[in-house]
Amino acid sequence: MADTQAPDSLVLYSYFRSSCSARVRIALEHKSIQHQTVFVNIKDGVHQHESYVKVNPSVTVPTLLVPGSQPWSITQSVAALEYLEEAFPETPCLLPPASDSRGRALVRTLVNIVACDIQPVTNMKVLKQVGTMGGDTNQWIHKYAAQGFAAYERLISQIAGSYSYGDAFSLADVCLAPAVWNAERYEMDMTPYPTVMRVYKAVSDMPAVRKAHWQQQPDCPAELRS
């Protein structure tokens, strides 16, 4: 683990295949925010080492370490995204303007569909437990993640433009892209979600999204790179 006592810039603790880490990677890249990255191999249990637990008591990734005389950590990805919006308002915004309270609420709703309904059922800890109990992890993901994608599809079919909410790239899109990466990894049938996949295609062309893709991360093993 790297020294975290006096960081000069934001420090992102990330794992290449973590969709939650990817959300923060995308936001940092899109907003061109200077940061350092520390790679945490959760597959090898590095996140359970005492040095990391001190940084993130939840023993998860990502962690966003904020510099200063007394550095402090944000240990949940959605909170980190909200922090970046508030702390760096001069950079490209990922929420609708404050005057559009409806839009901001809808974007946050989409964010939480991903964060609360889709991603948790694909979490490594959850999948290990499902396997331990004799369950088929692929069937589990296909059934329960599908419910979340169905909800996302139904909502954006009414409000999407080029992106999930109108024609502006938002926090919803930041969260959607990594969720679809996971769906592709587990070979989910995404044809029932045409609006999701149309938006995903547009989102995938964003430079920040391409750069944040898990296959582009330095800690991605060579055999998994495209």
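Author: Rings of Phe, Tyr and Trp (its six-membered ring) pair if their centres lie within 6.5 Å; planes under 30 degrees apart count as stacked, over 60 as edge-to-face and the rest as tilted. Y15, F16 and W214 form one aromatic cluster. This is a predicted model, where local features need pLDDT of at least 70, side-chain atom pairs count only at pLDDT 80 or more, and totals for chains, interfaces and linings use all residues. Residues are numbered from 1 along each chain as its sequence is written, and side-chain values use heavy atoms, with hydrogens and water left out.

How many aromatic pairs does the structure hold? Seven. One of them is Y163 with F169, an edge-to-face pair at 5.8 Å centre to centre and 75 degrees between the planes. Y163 and F169 are both buried (under 20% relative accessible area; exposed is over 50%, partly exposed in between, with a 1.4 Å probe and protein chains only).

Now for A168, in the loop between α6 (137-159) and α7 (171-185); helices (H or I, at least four residues) and strands (E, at least two) are DSSP runs, numbered from the N terminus. Leaving aside residues up to four places away in sequence, A168 touches Y163 and D173, where contact means heavy atoms within 4.5 Å. A168 is partly exposed, with a relative accessible area of 47%. Its C-alpha is 9.2 Å from that of C93, although A168 and C93 are 75 residues apart in sequence.

As for solvent, C93 is partly exposed at 47% relative accessible area.

Carry on past α7 and you get to E187, in the loop between α7 and α8. E187 has a positive phi of about 55 degrees although it is not a glycine, and at 65% relative accessibility it counts as exposed.

Then comes α8 (residues 194-204), whose buried residues are T195, V196, V199, Y200 and V203. Seen down the axis, these buried residues fall within an arc of 135 degrees, so they line one face of α8; the arc is that of the directions from the helix axis to the C-beta atoms. An α-helix has 3.6 residues a turn, so residues three or four places apart point the same way. The face of α8 turned away from the buried side carries the exposed residues P194 and K201. Among the things covering the buried residues of α8 are α6, α7 and α9 (207-212).

To put that stretch in context, an unreviewed UniProt entry annotates residues 100-222 as "domain: GST C-terminal". Over residues 100-222 the chain is 67% helix and 0% strand, and the end C-alpha atoms are 44 Å apart. UniProt positions are given in the numbering used here, feature names are shortened, and annotations may be inferred rather than shown by experiment.
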